Amino acid sequence: MTSTPPSTAPTPNRPRRRLLWWAPPIVIVAGLGLSIWSWTNSLLEMQSVSEARTVADFVENVGRWASRYGGVHVRTVGTHNAIPGNFLTRTTYSLNADQVAALTAAMAPDPKSLEAYHWKNPALIQREVADVVAESGSKASFRLTAASVLNTGNAPNEFEKRAMGAIREAANADAKSAAAQEYWEVQGRRLYFGRSVVAQKTCLRCHDKAENAPEFLRTNVAFNGGGGFGYVEGKPAGLISVNLPLPEPASMLRHMPLATWTGIALVALGLAWGVSTLVRARDAARRRAEARRVREARRSRRASSSRS
């Protein structure tokens with residue numbers, strides 16, 4: 001009796017085996033791509049947070065600079081100059097009594113030697129710098145706000161309310177924690193960042209109790225927003241609010257150095273090669289096991305034939 005050699009024709013399982021052979025490398029490459037995309041997004045967010053911190057540092061330093069001089073006095077000369085925006089107090093000087101009399105009578109021509117000094121405190125200076133940045137068309141902007149404000153134009157938006165609430169809650173638990181200093185959110189492709197402004201002793205000159213506020217605040221219409229008082233020294237009182245756009249991940253990936261892409265490609269190829277090697281080794285082991293079973297079956301049949 002002759003034995004029939006095993007068929008070498010393709011089996012229906014071979015396409016499935018090919019699919020299984022390619023599946024692990026495909027999954028690895030897809031997972032690596034997703035990881036790179038997620039990592040890029042996280043990196044861009046932290047980069048934007050760092051930029052927002054730099055902006056907040058700038059705002060604080062503007063306030064420190066102005067505080068060195070007790071604020072800034074904006075000088076105007078003559079009686080027909082435009083008022084230099086908001087100010088807290090105005091002091092007028094003239095060189096001689098004749099010009100004072102002429103100005104009082106409002107009958108003389110513009111006295112060139114008449115000088116007026118409009119005082120702006122540090123917070124007002126920071127506000128005006130923020131306005132200039134906004135008018136410049138800059139993609140990043142900032143402002144100062146508080147839960148209770150003198151000027152209704154500085155009232156907080158919804159993000160700023162959430163930021164101040166989160167910072168206040170964190171400060172009550174641990175005033176030195178990072179969460180008590182800053183808070184941020186990503187909405188769409190923009191980062192909204194808030195840094196706590198802690199009330200200093202000098203702030204209480206204007207922001208203690210309403211009845212203790214200077215007369216120039218109580219009588220200035222621009223600063224009668226119904227709030228801005230009740231600050232407590234050493235406690236969060238306001239917020240430096242910064243918002244700026246997040247860069248697109250695709251833009252960052254396009255600008256990645258060739259060496260970085262080469263390294264990523266080598267890692268992907270190495271992983272794919274390693275997995276494919278393991279898969280091929282497993283298939284080879286299966287083929288060897290199948291061949292052994294075929295040989296054993298042949299020997300068994302031959303033994304049976306010889307006995308018969």
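Leaving aside its neighbours within four places in sequence, which residues is serine 48 in contact with? Some notes on that and a few other spots follow.

1. Serine 48 first. This is a predicted model, and in it serine 48 is found in helix α1. Beyond its neighbours within four places in sequence, serine 48 is in contact with Leu191, Leu244, Pro245, Leu246 and Pro247. With a relative accessibility of 0%, serine 48 counts as buried.

2. Now the nonpolar residues. The largest nonpolar core has 14 residues. Those with the most contacts inside this core are Ala52, Phe142, Leu191, Phe193, Ile240 and Val242. Helices α1 and α3 (122-135) and strands β4, β6 and β7 (236-245) each supply at least two of the core residues. Helix α1 gives the largest share, at four residues. As a general point, nonpolar side chains in soluble globular proteins tend to be buried together.

3. Take a look at isoleucine 240, one of the core residues with the most contacts. Leaving out neighbours within four places in sequence, isoleucine 240 is in contact with Ala56, Val59, Glu60, Arg143, Leu144, Phe193, Gly194, Arg195 and Val197. There is also a second, separate core of six residues, and Leu88, Trp119, Leu150 and Leu217 are among them.

4. On to the strands. Strand β5 (residues 182-187) pairs with β6 in the antiparallel sense, over six bridges. Glutamine 187 stands opposite arginine 190 in β6. The two strands form a hairpin with two residues between them, and glycine 188 in the turn has a positive phi of about 65°.

5. Strand β6 also pairs with β7, again in the antiparallel sense, over nine bridges. In this pairing, serine 196 stands opposite leucine 239 in β7. If you are following side chains along here, keep in mind that in a regular strand they alternate between the two faces of the sheet.

6. What about charges? Side chains of opposite charge can pair when their charged atoms come close. In this model the count comes to 10 salt bridges. One of them joins aspartate 57 and arginine 195, with the closest N and O atoms 2.6 Å apart. That pair links distant parts of the chain: aspartate 57 sits in helix α1 (residues 13-68) and arginine 195 in strand β6 (residues 190-198), 138 residues apart.

7. Arginine 195, at 13%, falls under the 20% cut-off and so counts as buried.

8. Glutamate 160 lies in helix α4 (residues 158-173) and arginine 143 in strand β4 (residues 141-146), so the bridge ties together parts that are 17 residues apart in sequence. Glutamate 160 is buried, with a relative accessible area of 1%, whereas arginine 143 is partly exposed at 24%.

9. Last one: glutamate 128 forms a salt bridge with lysine 120, and the closest N and O atoms are 2.7 Å apart.

Terms used:
Residues numbered from 1 in each chain as written. Predicted model: local features only at pLDDT ≥ 70, side-chain atom pairs only at ≥ 80, totals over all residues. Heavy atoms only, no water. Salt bridge = Lys/Arg side-chain N within 4 Å of Asp/Glu carboxyl O. Buried < 20%, exposed > 50% of the residue type's maximum accessible area, 1.4 Å probe, protein only. Core = buried A, V, L, I, M, F, W, Y, C linked by side-chain atoms within 4.5 Å. Contact = heavy atoms within 4.5 Å. Pairing = 2+ DSSP bridges.
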